[in-house]
Amino acid sequence: MILRNLARRKTRSLLTILGIAIGVATIVMLGAMADGLAEGYTATLGGSGADLIVTQKGSFDITLSALPQSAAEQIQAMPEVRAVTGMLAGIVTTEDAPYFVVFGHEPQGFSMARFKIVEGQSLAEWRGHGRPLLLGRLAAQSFKLKVGDTIRLTDSVFRVAGIFETGSAYEEAAAVISLANAQALLQKPRQVGAFQIKLKDPSQMERVKQRIQRVLPYAEVVASSQAAEIQQQIAYVRGFAWGLALLAIIIGGFGMMNTLMMSVFERTREIGTLRALGWRRRNIMSLVLKESLVLSFLGVAIGIVLALGLNALLTSLPGLGGWLEIVFSSRLMGQALLVGLLLGTVGGLYPAWRASNLSPAEALRYE
């Protein structure tokens with residue numbers, strides 16, 4: 001009966017399902033993007049073996065963080081610090097992609113150990129002509145480049161010295177150049193986006209954090225495992241996703257309510273017949289609520305499929321797919337199902353109550 005009732009007005013049901021699907025797809029994509037960014041930042045900032053990460057206090061994102069490179073000397077002078085290295089990250093354009101992530105690292109810094117060279121040479125080993133660049137495996141495949149080829153980043157030309165792997169799609173869809181070249185390319189002379197710090201004794205972490213914050217009051221110091229949590233961009237994307245979820249529940253709930261109310265009015269005589277044949281109010285209420293939940297969960301299922309399809313499209317684009325690393329998790333799918341449950345309940349509760357309270361005699365006389 002549920003499927004038959006929903007099939008009576010196919011266009012109305014399909015439009016309701018489509019509206020839910022678009023909302024759910026948007027929520028899932030934004031949540032997956034936030035999770036992907038968090039994983040990418042955790043790999044980039046915490047995967048080098050650093051104990052502490054220093055960034056600009058209040059910066060929206062690592063690409064917008066700016067610290068004086070000279071502060072490295074103050075940090076290195078602390079007796080608890082084994083090594084400190086600066087890094088810079090930014091987004092540039094290439095001939096084949098409008099957005100491409102570039103990381104600047106000190107060639108001799110300990111952070112370079114993370115980049116496993118699978119072809120060519122490292123930045124420290126480069127003895128060729130031109131400005132050297134390490135290209136991630138995914139970026140090399142996407143741009144169809146190999147060792148020795150050249151690539152234009154904004155207005156500068158670099159030569160591919162090597163191809164690397166790290167196990168992180170976010171990094172492997174990007175490029176690594178020397179810190180000096182990154183400062184020139186991103187127009188940030190004598191600046192770094194973050195300092196990565198190795199300690200002689202990790203148990204001294206809290207003490208060192210306090211010392212650095214006293215010396216550099218404009219900086220924020222966190223453990224490398226928490227570096228992704230302070231990126232405001234991730235918090236904004238997640239907050240935007242939850243805001244859209246609330247909006248989808250409100251708008252989708254009213255849309256669902258309108259669809260089911262029209263369906264109840266059109267089936268007034270049928271509901272009266274069922275009541276006259278012995279159906280109780282709770283049976284009628286259950287029927288309409290189940291119709292609402294079926295519509296809602298069909299919309300959720302199609303929305304998830306749309307999100308997966310959009311992900312496949314984005315990851316096929318050179319540069320952009322890596323920059324927008326998307327991670328679908330069971331937690332995210334659970335959130336989508338929760339939105340579907342709320343939509344079905346909110347949108348179907350009043351029409352179900354209205355249908356269950358129809359008088360059998362009046363319903364049978366309804367024209």
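**Burial, packing and surface in a predicted model**

Me: S122 is found in the loop between strand 5 (116–120) and strand 6 (131–136). Given that this is a predicted model, does S122 count as buried or exposed?
Reply: Residues count as buried under 20% relative accessible area and as exposed over 50%. Setting aside residues up to four places away in sequence, S122 touches I117 and L134. Because its relative accessibility is 18%, S122 counts as buried.

Me: Which residues does T16 contact, leaving aside its neighbours within four places in sequence?
Reply: T16 lies in helix 2, which runs over residues 10–46, and T16 is buried, with a relative accessible area of 10%. In sequence T16 stands 242 residues from N258, yet the two C-alpha atoms are 9.6 Å apart in space. Once neighbours within four places in sequence are left aside, the contacts of T16 are M256, T259 and L295.

Me: Why do the buried residues of helix 7 lie on the same side of the helix, and what arc do they cover around the axis?
Reply: Helix 7 (residues 205–215) has M205, V208, K209 and I212 as its buried residues. An α-helix has 3.6 residues a turn, so residues three or four places apart point the same way.

Me: Against which strands and helix do the buried residues of helix 7 pack?
Reply: The buried residues in question are M205, V208, K209 and I212. Their packing partners are strand 1 (52–56), helix 3 (71–76), strand 3 (81–92), strand 11 (194–199) and strand 12 (219–223).

Me: How many residues does the largest nonpolar core have?
Reply: The residues with the most contacts inside this core are F100, L133, L135, L153, F195, I197 and I212, and the largest share of the core, four residues, comes from strand 3. A second, separate core of 23 residues includes I53, A174, V176 and V222. The number of residues in the largest nonpolar core is 42.

Me: Which helix gives the largest share of the nonpolar patch on the surface?
Reply: The patch is formed by F297, L337, L338, L341, L342 and V346, which together have about 480 Å² of accessible area. One of these, L342, has a relative accessible area of 36% and is therefore partly exposed; its place is in helix 12. With five residues, the largest share of the nonpolar patch comes from helix 12.

Conventions: Residues numbered from 1 in each chain as written. Predicted model: local features only at pLDDT ≥ 70, side-chain atom pairs only at ≥ 80, totals over all residues. Heavy atoms only, no water. Patch = residues over 30% accessible without salt bridge, like charges linked within 9 Å, V, L, I, M, F, W, Y side chains within 5 Å. Areas by Shrake-Rupley, 256 points an atom, 1.4 Å probe, with all protein chains shown as cover. Salt bridge = Lys/Arg side-chain N within 4 Å of Asp/Glu carboxyl O. Helix = DSSP H or I, 4+ residues; strand = E, 2+ residues; numbered from the N terminus. Buried < 20%, exposed > 50% of the residue type's maximum accessible area, 1.4 Å probe, protein only. Contact = heavy atoms within 4.5 Å. Core = buried A, V, L, I, M, F, W, Y, C linked by side-chain atoms within 4.5 Å.
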